[in-house]
Amino acid sequence: MANPLSLTLLVFLLFAATSSAHNITRILAKHPEFSTFNHYLTATHLASEINRRQTITVLAVDNAAMSSLLSKGLSISTLKNVLSLHVLVDYFGSKKLHQITGGSALTSTMFQATGSATGTSGYINITDLKGGKVGFGAEDNDGKLNAVYVKSLEEIPYNISVLHISQVLTSAEAEAPTAGPSQLNLTAIMFKQGCKAFADLLISSGAVTTFEDNVDGGLTVFCPTDKVIDGFMPKYKNLTAPQKSALLLYHGIPVYQSLQMLKDSNGVINTLATDGANKYDFTVQNDGEDVTVETKVTTATITGTLKDEEPLVVYKIDKVLLPRELFKAAPEPAPAPKKSKGKSHKAEKEADSPDADAPADDSADQTADDSNGVNKLNGGRLIMAVVALWFGVFVI
C-alpha cells in the first residue's frame, strides 16, 4: 500500500511543477494591443527561449511602438537582437521596481546572454525616477532612459513578470546588421524523404515561394506522403488555381513549432493561408505521444519528422489537410428525435441511422473522427477511474 505521506508529497510536487510553467504567447494573447510584439517573439523564436527559463522579465511594447521599430527595415535576425534586449534574465515585478536599492540597477538581458553583445551593451539600466516613474535604458545608449514603466500585464512571482514599457529600447549594437541563418532548401528536403509529390505541387503552383519566404522567420510544414498525394490527385485536379494555392498554403504555419511545442500549445493555429479571423485555421491536439491536426473536415496524424533544424521543421502526415472553406465539413451528429406514437419502431430506427445523410466522399474521414471521439471518451473514463482509485488509496 502506498505511503500517505509520499502521496501527499507527490501531489504537492505535481502542483508546484504546474504552477511554475508559463507561456509568454498565451499571456500576451490576452492583450490584443501587444499582438505585433507577440508575433515577433514567436517569429524570432524568442518565445520558446522565454518559456524555457524559470526566472524572467519581459518588457513588452505595444503595437504603436513596434510600428516605429519595424519602419527601420531590420532583418529578422537583427530584430531578434533588439527584442532580446527587452527580456531580462531576472525577476522584476511592479513592486520590486520601486524598491531598487540605491534607486538604480543594472541587469543583464537575453541579448547579453547570447554572447552577441560586447562589453555592457547587453545590459539595461532601471532607475526609480521622481513622481513614481521608473525609467529603462540600454547601457550603451549614453545613459539615456528612453522608456518608462506603464503597467504590469501579468506577474507570477519569481517566475515571470510581463511589464508594459512606453518605447522600444534603443541600442546601436543590438540594431547592427546581423547575418541571417544558413539557407535551408525546403523542396530538396522533401524530395529525399518521401514527400516529392507534395514538393512538386508546391513548385508547379508557385506556392513554394511563400513557404521559402517564411523560412528565416520560422516555418512549420505538414507534408502528406507521396502515397497520400497520389490518392488525392483526382480531387486536387478539380480545384481552381487559387483554390490549389490556398490548399497548399494551408499545410504551413508561419512560425517554428517543434513537436514538444505543438503538444504544449494545443488549440487553434493560423496557417500561411489564413486571411482573416477564423479563416483557414486548424486545431492541433495530442493524445499521449500522438499529435493530430484537425480541420473540421479531416483529421491527420503526424507520422514522422523530415527535418527539425530551427527555424524550419517539416513533419510527415498521413492525410491531406482539407480546409472547411474548400471542402464539405463533416456533419454534426443530429439530436435524437422525440418518440412519436404514430411512428413505427422500424421507421424510428431508419431515421436514426448515421448513414442516412452521410456524404460518400467524406465517409472515411468521418469514420476516423468517430473513432477518435470514442477513444477520447474511453480515455476520459479511464482518467476518472484512475483519479477515483488514487483518492481511494489516499484515504485508506
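Is Asp90 buried, exposed or partly exposed, and what is its relative accessible area? In this predicted model, Asp90 has a relative accessible area of 30% and is therefore partly exposed. Its side chain meets that of Lys96 in a salt bridge, with 3.8 Å from N to O. Lys96 is partly exposed too, at a relative accessible area of 34%. Side chains of opposite charge can pair when their charged atoms come close.

The count of salt bridges comes to six. Another one of them joins the side chains of Glu49 and Lys80, at 3.1 Å from N to O. This pair links distant parts of the chain, with Glu49 in helix 4 (residues 46-52) and Lys80 in helix 6 (residues 76-84), 31 residues apart. Glu49 counts as buried because its relative accessibility is 19%, and the cut-off for buried is under 20%. Lys80, at 25% relative accessibility, counts as partly exposed. The side chains of Lys72 and Glu175 also meet in a salt bridge, again with 3.1 Å from N to O. Here the partners are 103 residues apart: Lys72 sits in the loop between helix 5 (63-70) and helix 6, while Glu175 sits in the loop between strand 7 (160-165) and helix 9. Lys72 is partly exposed, at 44% relative accessibility.

With these pairs in mind, the whole chain can be considered. It holds 16 helices and 14 strands, and 40% of its 396 residues are buried. Among contacts with a separation of 6 or more, 65% are made by residues 24 or more positions apart. The chain exposes about 20,900 Å², of which carbon and sulfur atoms supply 56%.

Seven of the strands form an open sheet of mixed pairing, in the order 9-8-14-13-12-11-10. Strand 9 (252-253) and strand 10 (267-270) stand at the edges with a single partner strand each, so one side of each has no neighbour in the sheet. Strand 10 pairs with strand 11 (residues 281-287) in the antiparallel sense over four bridges, and Gly267 stands opposite Val284 in strand 11. Strand 11 and strand 12 are antiparallel as well, joined over five bridges; Asn286 has Val291 as its bridge partner in strand 12. Two residues lie between the strands of this hairpin, where Gly288 takes a positive phi near 70 degrees. Next in the sheet, strand 12 (residues 290-294) pairs with strand 13 (residues 299-309) in the antiparallel sense over three bridges, and Val293 has Ala300 as its bridge partner.

What lies in the interior? The largest nonpolar core has 53 residues, of which Met190, Val221, Phe222, Phe282 and Leu312 touch the most other members. Residues up to four places away aside, Phe282 touches several others, including Phe222, Tyr250, Ile253, Val268 and Val293. Apart from this core lies another, of 46 residues, among them Ile56, Leu97, Tyr149 and Leu153. In soluble globular proteins, nonpolar side chains tend to be buried together.

Helix 10 (residues 196-205) has Ala197, Phe198, Ala199, Leu201 and Leu202 buried. The cover over the buried residues of helix 10 includes helix 9 (186-192), helix 11 (208-213), strand 8, helix 12 and helix 13 (241-249). Just after helix 10, Gly206 takes a positive phi of about 85 degrees. Thr225 is found in the loop between strand 8 (219-224) and helix 12 (226-237). At 18% relative accessibility, Thr225 counts as buried. Beyond its neighbours within four places in sequence, Thr225 is in contact with Gly194, Cys195, Lys316 and Ile317.

Definitions and conventions. Residues numbered from 1 in each chain as written. Predicted model: local features only at pLDDT ≥ 70, side-chain atom pairs only at ≥ 80, totals over all residues. Heavy atoms only, no water. Pairing = 2+ DSSP bridges. Buried < 20%, exposed > 50% of the residue type's maximum accessible area, 1.4 Å probe, protein only. Contact = heavy atoms within 4.5 Å. Areas by Shrake-Rupley, 256 points an atom, 1.4 Å probe, with all protein chains shown as cover. Core = buried A, V, L, I, M, F, W, Y, C linked by side-chain atoms within 4.5 Å. Salt bridge = Lys/Arg side-chain N within 4 Å of Asp/Glu carboxyl O.
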